[in-house]
Each structure stands twice: as C-alpha cells, then as structure tokens.
Amino acid sequence: MSKIKTYVLPISRQFLSTHTRSGEPTYFPEKILNAQIPCGLISKETVDRFAKCQYDFNYDVFWSESKIHTIRANYELWAKRIEEVRKGEAIISLRFWAGKPYHRDKNGIGQVAFMTLDKDSGIGVQKLTFLDGNIYNPSITTHVDGLIKYKNLSLNDGLQFNDFENWFEKYDLWKPLAIIHFTNFRY
C-alpha cells in the first residue's frame, strides 16, 4: 500500500502586505468552516471545538459569511494535485499561520491545520482565465465554457469585489489560475 501524500494549502488570516487593507483579518478560516456545515462536511460541535483552541475565532463572521473556494496561480500544478486527491492518493491540508507567516508564535506554534480535504470532501478544481487579462471578465473552463459574474466569483472567494480586485492586482491575469473548490459547488 502506497503512502498518501499531503499537500499544504496555506490560507491567509490577514490581508497581504501589498493589499490596501494590509494586516486586517480576512476571517478566511471561519468562512471556509461555515461553507462546510450546509454540506454536512463538518458539524457545529467540530467548529466549537476548533474555535475554543484557535486564535481570535470570530463567530459573527463564521455565521454570516462563507468562502467556498480559493484561487491560486499555477493551474497545472493544482489540477495535478487535486486529481491525486480525487484518486485517494493525496490529501490537502488547509493551514494558517498562528502568528507572523514563516515564524512561530510565542508558544512555538507555526502553522495550524484546521481542515483536511480528501477524496470524499467534494474538492475540485476549475481553470479560471480573465479575457483580455481583465479582472471584470472572468471565464471558467467547464463542460459549458463561459463567462461568470465577477461579483459572484469574488463573494464565493470570501471577498467583496474591491478587496478581490486589490488582492489579485499583482497577479498575471493573462495566465490561467486554479479555482480550488472546498465543496461540491462548481461553476
């Protein structure tokens, strides 16, 4: 029997240093956990246990907002990894930094794993392109290729559009990106 690989998918708890809201909380872990409850992938009890031992868990955000996917550069790499997960050869470990990224906090804790996605989790990947490199023209490769609404894309990514636009300002929007789905939802 072969060993299952683990791929780490870091989730930012704060807006990046290049973002206009640099240092403010994103609440991405809470939003991701919220998206799991309606799908039956996680229970409220699990969330409560998580909240008690984690840093600055925000229940107001948890109950009101969700993040059903993340968008990453390097579509080909993520498509390969997600295929391995779907075959049962790998898992994805969602993690955030306890303190400053790439450093341990005062308790010696670095990354905190808060969710594992396996072949039964609904994980998936779709290719995202932006027509003419324009963030207002997202296009998803699906069984029926087509444009989607940029506001839906940003909200499903856990961000208001102005924050989404600023987040991806430094990305090369001429290259395909990977939408990594945390649930069975697809565009």
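This is a predicted model: local features need pLDDT of at least 70, side-chain atom pairs count only at pLDDT 80 or more; totals for chains, interfaces and linings use all residues.
In which strand does I179 lie? I179 lies in strand β8, which covers residues 177-181. I179 has 0% relative accessibility, so it counts as buried. Its contacts, leaving out residues up to four places away in sequence, include H69, T70 and I71. G124, V125, Q126 and L128 also touch I179, as do I140, L153 and Y187. K127 is 52 residues away from I179 along the chain, yet their C-alpha atoms are separated by 6.3 Å.

Now step back to the whole chain. The protein chain has six helices and eight strands. From the N terminus on, the elements run β-α-α-α-β-α-β-β-β-β-β-α-α-β. Of the 187 residues, 44% are buried. Among contacts with a separation of 6 or more, 68% join residues 24 or more positions apart. The chain exposes about 10400 Å², and carbon and sulfur atoms supply 50% of that area.

Next comes a sheet. Three strands form an open sheet in the order β1-β3-β4, with mixed pairing. β1 (5-10) and β4 (111-117) stand at the edges with a single partner strand each, so one side of each is left without a neighbour in the sheet. Neighbouring strands here are turned by 35 degrees against each other on average, direction ignored.

β1 and β3 (residues 90-97) run parallel and are joined by six bridges. Along this pairing, K5 stands opposite A90 in β3, and T6 stands opposite I91 in β3. β3 and β4 pair in the antiparallel sense, also over six bridges. There, W97 has Q111 in β4 as its bridge partner.

Which strands of the sheet does α4 touch? Helix α4 (residues 75-86) packs on the sheet and touches β1, β3 and β4. The direction of α4 makes about 120 degrees with that of β3. Helix α1 packs on the sheet too, touching β3 and β4. The direction of α1 makes about 20 degrees with that of β4.

A pair of aromatic rings is described by the distance of the centres and the angle of the planes. The structure holds ten aromatic pairs. In one of them, F28 and W167 have ring centres 5.7 Å apart and planes at 55 degrees, so the pair is tilted. This pair links distant parts of the chain: F28 is in helix α1 (residues 28-36), W167 is in helix α6 (residues 161-167), and 139 residues separate them. Are F28 and W167 buried or exposed? Both are buried.

Ring pairs also build a cluster. They link Y136, Y150, F161, F164, F168 and Y171. Charged residues meet rings as well. K67 lies over the face of F28, at 4.2 Å from the ring centre. R81 lies over the face of W78, at 4.9 Å from the ring centre.

F28 and K67 turn up again around a glycine. G158 sits in the loop between α5 (150-156) and α6. What does G158 touch, leaving aside its neighbours within four places in sequence? G158 is in contact with F28, K31, S66 and K67. At 7% relative accessibility, G158 counts as buried. The C-alpha atoms of G158 and Y27 are separated by 8.6 Å, although the two residues are 131 residues apart along the chain.

Y27 brings in the backbone. Most residues other than glycine have a negative phi. Y27 is not a glycine, but its phi is positive, near 60 degrees. Y27 is found in the loop between β1 and α1. With 25% relative accessibility, Y27 counts as partly exposed. N74 is a further case, with a positive phi of about 70 degrees although it is not a glycine. N74 is found in the loop between β2 (69-72) and α4. Its relative accessible area is 45%, so N74 is partly exposed.

Notes: Residues are numbered from 1 along each chain as its sequence is written. Side-chain values use heavy atoms; hydrogens and water are left out. Rings of Phe, Tyr and Trp (its six-membered ring) pair if their centres lie within 6.5 Å; planes under 30 degrees apart count as stacked, over 60 as edge-to-face and the rest as tilted. Helices (H or I, at least four residues) and strands (E, at least two) are DSSP runs, numbered from the N terminus. Buried means under 20% relative accessible area, exposed over 50%, partly exposed in between (1.4 Å probe, protein chains only). A charge sits over a ring if NZ of Lys or CZ of Arg is within 6 Å of the ring centre and within 35 degrees of the ring normal. Contact means heavy atoms within 4.5 Å. Two strands pair if DSSP finds at least two bridges between them. Axes are lines fitted to C-alpha atoms, for helices over the stretch in contact, and angles run from 0 to 180 degrees between N-to-C directions. Accessible areas come from the Shrake-Rupley method with a 1.4 Å probe; for residues, only the protein chains shown count as cover.
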